[in-house]
Amino acid sequence: LPIWPPAPDKLFTLEQQSAGPPCPVHLKRDSSRCFHPGMRLEAKDRKNPSMVCVATVTEIRGDQLRVHFDGWTTEYDYWCETTSPDIHPVGWCRKHNYTLHPPKGLCRDGFDWKRYLLTTNSTAASKKLFSKKQRAFASTSPAKSSHPFYN
């Protein structure tokens, strides 16, 4: 079961349904600067909060994104707002010396975002789509107590 199930369409106003892809509040509503299905990012696994995994935006409703963990079944998918502290731009784990869990079946040590994006013919969600909080390593980051910075 999804942790945060999507709201039924009837809960969104007609304006919200036709507004196009969700754009973070800090950006103008411009489709080239919004999340789109298929974009890749790094996301916290809410069932295993110490894990940050390779993920894909699979669906959009209003200002909500459906996050899917690449290589896993949809039972682990969840919905979050574009400003959620659980999603980060590609490269966040490397920048903050945090372990990124690649898709099931791929080697963690040899995982390379650039090669993965080429192989999957996909694009990373632009860093501009993420707020400064989402790009930073903060006290709300996954498993801060297990991170070397905090020990």
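## Briefing: pocket, cores and ring pairs

The lining of the largest pocket is made up of six nonpolar, two polar and four charged residues. Here Ala, Val, Leu, Ile, Met, Phe, Trp, Tyr, Cys and Pro count as nonpolar, Asp, Glu, Lys and Arg as charged, and the others, Gly among them, as polar. This is a predicted model, in which local features need pLDDT of at least 70 and side-chain atom pairs count only at pLDDT 80 or more, while totals for chains, interfaces and linings use all residues. Residues are numbered from 1 along each chain as its sequence is written, and side-chain values use heavy atoms, with hydrogens and water left out.

**The largest pocket**

- The lining consists of E42, V90, G91, C93, R94, Y98, T99, L100, R108, F111, D112 and W113.
- On a 1 Å grid over the protein atoms alone, a pocket is an open set of points where a 1.4 Å probe fits, with protein on both sides within 12 Å along at least five of seven lines; lining residues have an atom within 4 Å of a point.
- The space in the largest pocket comes to about 260 Å³, where a volume is the space filled by probe spheres set on grid points that are joined across faces, edges and corners.

**Overall build**

- The protein has four helices and six strands, and these are DSSP runs numbered from the N terminus (helices H or I, at least four residues; strands E, at least two).
- Starting at the N terminus, the order of elements is α-β-β-β-β-β-α-β-α-α.
- Of the 151 residues, 42% count as buried; buried means under 20% relative accessible area, exposed over 50%, and partly exposed in between (1.4 Å probe, protein chains only).
- Among contacts with a separation of 6 or more, 56% are between residues 24 or more positions apart, a contact being heavy atoms within 4.5 Å.

**Nonpolar cores**

- A nonpolar core is a set of buried Ala, Val, Leu, Ile, Met, Phe, Trp, Tyr and Cys residues joined through side-chain atoms within 4.5 Å.
- The largest one has 17 residues, and F35, L41, A43, V67, Y78, I87 and F130 have the most contacts inside it.
- At least two residues of this core come from each of β1 (40-44), β2 (52-61), β3 (64-69) and β4 (78-81).
- A second, separate core has twelve residues, including W92, L100, W113 and L117.
- In soluble globular proteins, nonpolar side chains tend to be buried together.

**Aromatic pairs**

- Seven aromatic pairs are present; rings of Phe, Tyr and Trp (its six-membered ring) pair if their centres lie within 6.5 Å, and planes under 30 degrees apart count as stacked, over 60 as edge-to-face and the rest as tilted.
- One of these pairs joins F69 and Y78, which are tilted at 55° between the planes and lie 5.9 Å centre to centre.
- Both partners are on the buried side of the cut-off: F69 has a relative accessible area of 2%, and Y78 has 0%.
- W113 and Y116 pair edge-to-face, 5.9 Å centre to centre with 75° between the planes.
- These two are about one helical turn apart, because they are three residues apart in helix α3 (residues 113-119).

**Loop residues to look at**

- N97 has phi near 55°, a positive value in a residue other than glycine.
- N97 sits in the loop between α2 (92-95) and β6 (100-101) and is exposed at 57% relative accessibility.
- N121 also has positive phi without being glycine, near 50°.
- N121 belongs to the loop between α3 and α4 (132-135) and is exposed, at 74% relative accessible area.
- G62 lies in the loop between β2 and β3 and is buried, with a relative accessible area of 18%.

**Links across the sequence**

- G62 and T82 are 20 residues apart in sequence, and their C-alpha atoms are 9.8 Å apart in space.
- R61, in strand β2, is partly exposed at 23% relative accessibility.
- K95, in helix α2, is exposed at 65% relative accessibility.
- K95 and F137 are 42 residues apart along the chain, with 9.2 Å separating their C-alpha atoms.
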